[in-house]
Structures are given as C-alpha cells and as structure tokens.
Amino acid sequence: ELANRMAERAADVVKSLMKMGMMVTMNQAIDADTAELVIEEFGHKAVRVSDSDVEQVIDSVQDRDEDLQPRPPIVTIMGHVDHGKTSLLDAIRKTSVVSGEAGGITQHIGAYQVTTESGAVISFLDTPGHAAFTSMRSRGAHVTDIVVLVVAADDAVMPQTIEAIAHAKAAKVPMIVAINKIDKPSANPQKVRTDLLQHEVVVEQMSGDVQDVEVSALTGKGLDELLEAIALQAEVLELKANPKRAATGAVIEAKLDVGRGPVATVLVQNGTLRKGDIFVVGQQWGKVRALLNDQGERVDEAGPSVPVEVLGLSGTPEAGDVLNVVETEAQAREIATYREKTAKDKRAAIGAATTLEQLMAKAKADLDVSELPVLVKADVQGSAEAIVQALEKVGNDEVRVRVLSYGVGAITDTDVGLAEASQAPIIGFNVRANASARNSAHQKGVEIRYYSIIYDLVDDIKAAASGLLKAEI
Ligand code: GDP
C-alpha cells in the first residue's frame, strides 16, 4: 500500500527496507517512523495524519435543517441495587415483544427498542447501573437522553439513588422517577417523593417538573404509563437526527466471538449505518459485513437511535468508543493506526512521569522539578496523619514532598484519577487498591506503592527526593 501511494514498485520498497535491515514481506505492516524513512528514501514527503485531519474526515458533514428528522429517545435505567432495575428492563422488554411472533428469541445485545401503545419508539440501554453510564461519558460518548431513576417504594432513597441523581445532573440528562415494587404491602410511594425532595428532585406530585410513575416490574402495573412518560419527555426534548448522512454511533458492548470474530453493539446516534459501510471505531476499523438487530435478525441498515450488532471489525473496540463511517479503507486504517499510536505515546508519557525512579531520572534531565507530589491512603486516620507529617519533613527549600491528598480506606478509582492528573504516585499504607482501581492504575500508568512500615515508606521517599536534590546540585 505504501508503494502504491508513492506510485513506486512494491519490490523496490521491500528492497529499500531490506537495506535498512528489515526483512519484511510485501504485506507486512511497518511502523510509522520506518515508513517515513522509506518515503524520504524515495524522495517523497511524508504527511502524517494528525488529530485535525481525523476530525476533518469525520466531521465534514453539516446537517441541513430540512434533513433533520425526529429520533427515538435513548434511555438508561439507574438506581440503588435491588430496587428493580434489571426486573424493570426485562418487564418492559416482555410487554413489547411483538405479538404474533411467538417463539421469537430476544437477543441481549446491550440495548433494545420498544414501541409504546401510542406508537412511539424508545431505545433502552440494557446495562443498568452507573459504571456503564460514567465510563461511556468519560470516553466522550453522550448516549443517554433520559434517565429513569428506579426507587423501590418499600425502601425509598438509598446511597446509589443519590449517586444516580448526581450522575444524571452532571450529565444534564432529564430524569423520570419510577417508583417500583408498588405491589408490595409495605410500599410507601409518598416517602419516596418526600425523600427525593431533599435531593432537589421535585416530582410532579409534589408540584415539581420531574415526572413520577408508580410501577411494579413484578405485576406489570404502570409500565405503559412509564413508557408514555418517557415518550412525552422525549417530545419535549425534540430529539432529532439526519438519517441521510453517513453514520456515527457509540459502542455499547463489544466482545470477541469465537464464531463471528469481533462483534460490537453500536447505537447509531446520527445518520444511517449500512451493510458495506467502511468505518473507524476507536482504535479499530472495519467494513460492515452484517448487521443484526435486537431480535437477532439480519438487517441491511440501522438509522438513528437504533442498536445493532456490527460484524466485520478489525479488532474489539471498547464500550464508549465512537464509530464513524468514512469513505475509504485507507482512511479508516490510517485513523485507527494514528489513534493507536497516540494512545500508546500517551500511556508511555504518563508511565514515564509517575514512577518514583523515573521522576528522579526526569529530575536529572530537567532541573525544574523540585516537587515530588504524592497521594497517601492509610488504614486509619492516625497513620495517615503521621505519614503526612513525616513526608513533609523530607526535603528542603529546593525540593519538597507535596502530599496532594490523604485519606483513609482502600485506593479507589477517584484516587487513581487524581494521581493521573497530577502525575503523582499513590502510597498505600496497610491498604490495597480495589480491583477496578488496580486496573485503571495499570492502564493509566499510575504507580501504586504499598507499605506497612512508616520508616520504609519515608526512606523510599527520601531516596526519591534526594535524587531530586542531587539533580539540583
Ligand atoms: P437491580 O439490582 O436494581 O437490578 O434489582 P433486580 O431487578 O435484580 O431486583 C431485585 C429484587 O427485587 C429481585 O428479587 C426482584 O424479583 C425484586 N423485584 C423487582 N421488582 C419488583 C417489583 O415490582 N415487585 C416486587 N415485589 N419485587 C420486585
């Protein structure tokens, strides 16, 4: 392909690579730096893809007003554990299984669509909970139009209810409250409404503007009203998309299927995705080989707000990755490769800055570093404070240890996020990182050090700081 684009003979390109000591065949991939050398060797000028090129290819379409059509809302169900999120999703799905299609097998692809009695179409994300919602959001995929907040009438507002409210508000997504388990004798929907007041959610029954519907996922009571409430909210939002343009969408789920290869469920956000379309999705690319809807049926296209399984990917993307249809395979591949490379560079850069050893090395090269930022997590308040005091004594006027934050308890994602942003290592004293924090620390290249003896800890930090001191001299 490189030869092709330079209008040179492939054999000559291979020959030039061999001269550089690279024994490659014609179809072998080479890295960008090598490619650049080869290009110069042939007297051409290499033009590397950059972020703005990628954006240009992807965002070159402007939707005209007359092309915009109403699109179905995309709904995420959130709420406290055991309040009935999964039951509600299942119940809604069952009420809408197209009558007459007995034996129709519903496929769990991560999202599904239902049609209300009045004919409105609604798309539901099938993975309830906050983790999916926030991880999608942090990857830049703003998928959800409406949040249904499930609160069990026999339990009222709980910690994760409050969290869900915070998430919805942060994302500026309107809420509808589903007061669930109304069939239970102990149900007290009024308590739910008054509880919610304290969290600045004023439902209609309390003269506010947040719709509230009493439902039972068990008996099916109120489900139709809930769906109509969603349809009404959607009308207010005036959701629109342009089905005529090339598709963009967000990955809801992705997996490597033994028989089918990489498979991703994509929720089309704008445009129409068709069989044969060439696309880039995150660091992967592909050509749509087949599309399957939430009933497991093959379809030729998927319009706005429609969830489909996409086959024909080069690899498995991640949930929250954005899919864009592009014109040529070369473009798709170029963008995917570019993204892969920048992601790798970023990881390397972060990794380089956050291990203690490398901070020291960096200090030797770069005399400006005179502060060693750290995060401290300990098992009890007393040790946390003792550590902070000890650390603040390390160093002198030129080099200081700066404790960005300290606290009690396991190392969490929040700590890793802060450490990443500040390029600081995390120190755990008699505490561990939870699994999710460990994973994200690994991904983000954040160093976590564990200690159970304060002297060891202080010694290590002293060594790191004196590395900085030496660099100063
Ligand atoms: P999730 O953790 O929010 O997904 O909650 P689940 O959907 O798993 O429900 C938790 C429990 O509550 C299960 O035992 C359900 O059978 C039960 N449950 C869910 N909805 C209702 C309801 O409307 N009425 C009654 N009586 N039980 C329900």
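**A walk through the predicted chain**

Of the 473 residues in the protein chain, 45% are buried. The model is a predicted one. Its secondary structure amounts to 15 helices and 21 strands. The accessible surface of the protein chain is about 23700 Å², and carbon and sulfur atoms account for 50% of that area. Among contacts between residues at least 6 apart in sequence, 70% join residues at least 24 apart.

Helix H1 covers residues 2–6, and Ala 7 is found in the loop between H1 and H2. Ala 7 is not a glycine, yet its phi is positive, at about 55 degrees. The relative accessible area of Ala 7 is 66%, so this residue counts as exposed, the cut-off for exposed being over 50%.

Helix H2 (residues 10–19) packs against helix H3 (residues 32–41) at an angle of about 115 degrees, and their axes are 10 Å apart. Angles of 65 to 115 degrees count as roughly perpendicular, and H2 and H3 are therefore described as roughly perpendicular to each other. The crossing in which H2 passes H3 is right-handed. On the H2 side the contact involves Val 13, Ser 16 and Leu 17, which meet Thr 34, Val 38 and Glu 41 of H3. By class, the residues in this contact of H2 with H3 are 3 nonpolar, 2 polar and 1 charged.

Further along is another residue with a positive phi. Asp 82 lies in the loop between strand S2 (74–79) and H5. Phi of Asp 82 is near 75 degrees, a positive value in a residue other than glycine. With a relative accessible area of 62%, Asp 82 is exposed.

Helix H5 itself spans residues 85–95 and includes Asp 90. Asp 90 has 31% relative accessibility and so counts as partly exposed, a class that lies between the limits of 20% and 50%. Asp 90 and Ala 217 are 127 residues apart along the chain, while their C-alpha atoms are separated by 8.2 Å.

The C-alpha atom of Leu 237 is separated by 8.8 Å from that of Pro 73, a residue 164 places away along the chain. If neighbours within four places in sequence are left aside, the contacts of Leu 237 are with Asp 145, Ile 146 and Pro 174.

The last stop is another helix pair. Helix H13 (residues 413–422) and helix H14 (residues 435–444) have axes that come within 8 Å and cross at roughly 20 degrees. Angles under 35 degrees count as roughly parallel, and H13 and H14 are therefore roughly parallel to each other. H13 passes H14 in a crossing that is right-handed. H13 contributes Asp 413, Val 416 and Glu 420 to the contact, and H14 contributes Ser 436, Ala 437, Ser 440, Ala 441 and Lys 444. Sorted by class, the contact of H13 with H14 holds 3 nonpolar, 2 polar and 3 charged residues.

Definitions and conventions: Residues are numbered from 1 along each chain as its sequence is written. This is a predicted model: local features need pLDDT of at least 70, side-chain atom pairs count only at pLDDT 80 or more; totals for chains, interfaces and linings use all residues. Side-chain values use heavy atoms; hydrogens and water are left out. Axes are lines fitted to C-alpha atoms, for helices over the stretch in contact, and angles run from 0 to 180 degrees between N-to-C directions. Helices (H or I, at least four residues) and strands (E, at least two) are DSSP runs, numbered from the N terminus. Angles under 35 degrees count as roughly parallel, over 145 as roughly antiparallel, 65 to 115 as roughly perpendicular and the rest as oblique. A crossing is left-handed if the near helix is turned anticlockwise from the far one by less than a right angle, and right-handed if clockwise. Contact means heavy atoms within 4.5 Å. Ala, Val, Leu, Ile, Met, Phe, Trp, Tyr, Cys and Pro count as nonpolar, Asp, Glu, Lys and Arg as charged, and the others, Gly among them, as polar. Buried means under 20% relative accessible area, exposed over 50%, partly exposed in between (1.4 Å probe, protein chains only). Accessible areas come from the Shrake-Rupley method with a 1.4 Å probe; for residues, only the protein chains shown count as cover.
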